[in-house]
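Subject: Structure handover

Hello,

Here is the structure I promised to pass on. Please open it first, then read my notes below.

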Amino acid sequence: MWYILGILTVSIGITLYEVPYLLKKNLKRESWAFFILLIFGIILSIVESLNISISNPLDWLTFIYKPFTDFILGLLK
């Protein structure tokens with residue numbers, strides 16, 4: 001629980017530091033990118049702090065290419 005509170009506190013601090021500059025310069029696209037990446041980072045950090053297993057993108061690539069690799073290796077035997 002304390003981890004989540006710390007993550008949220010740090011993210012609020014980052015937001016309070018970055019958002020005034022983005023709004024002052026009227027950087028709308030950068031603001032959207034900032035918020036999307038910040039929310040994505042917050043969610044991943046909270047999930048990681050709760051010791052929930054997150055699949056690795058490399059596992060997805062392995063799942064996709066494994067049949068193709070097995071097929072090629074079968075041809076080369």
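The protein has a radius of gyration of 20 Å, but a compact globule of 77 residues would have one near 11 Å. That radius is taken over C-alpha atoms, and the globule rule is 2.2 Å times the number of residues to the power 0.38. Along its principal axes, the C-alpha trace spans about 65 × 35 × 10 Å.

This is a predicted model: local features need pLDDT of at least 70, side-chain atom pairs count only at pLDDT 80 or more, and totals for chains, interfaces and linings use all residues. Residues are numbered from 1 along each chain as its sequence is written, and side-chain values use heavy atoms, with hydrogens and water left out.

**Overall make-up**

The protein has 3 helices and 0 strands. From the N terminus, the order is α-α-α. Helices (H or I, at least four residues) and strands (E, at least two) are DSSP runs, numbered from the N terminus. Of the 77 residues, 14% count as buried. Buried means under 20% relative accessible area, exposed over 50%, and partly exposed in between (1.4 Å probe, protein chains only).

**Helix α2**

Helix α2 covers residues 28-49. Its 22 residues should span 32 Å, and its end C-alpha atoms are 31 Å apart, which agrees. The expected span is 1.5 Å times one less than the number of residues.

S31, F34, L38, I42 and I46 are buried in α2. They fall within an arc of 85° seen down the axis, so they line one face of the helix. The arc is that of the directions from the helix axis to the C-beta atoms. On the other side, R29, W32, I36, L37, F40 and E48 are exposed. After α2 comes N51, with a positive phi near 55°.

**What packs against it**

The cover over the buried residues of α2 includes α1 (2-24). Leaving aside neighbours within four places in sequence, L38 is in contact (heavy atoms within 4.5 Å) with S11, I14 and T15.

The largest nonpolar core has 8 residues: I4, I7, V19, L22, F34, L38, I42 and I46. Both α1 and α2 give two or more residues to this core. Such a core is a set of buried Ala, Val, Leu, Ile, Met, Phe, Trp, Tyr and Cys residues joined through side-chain atoms within 4.5 Å.

Best wishes
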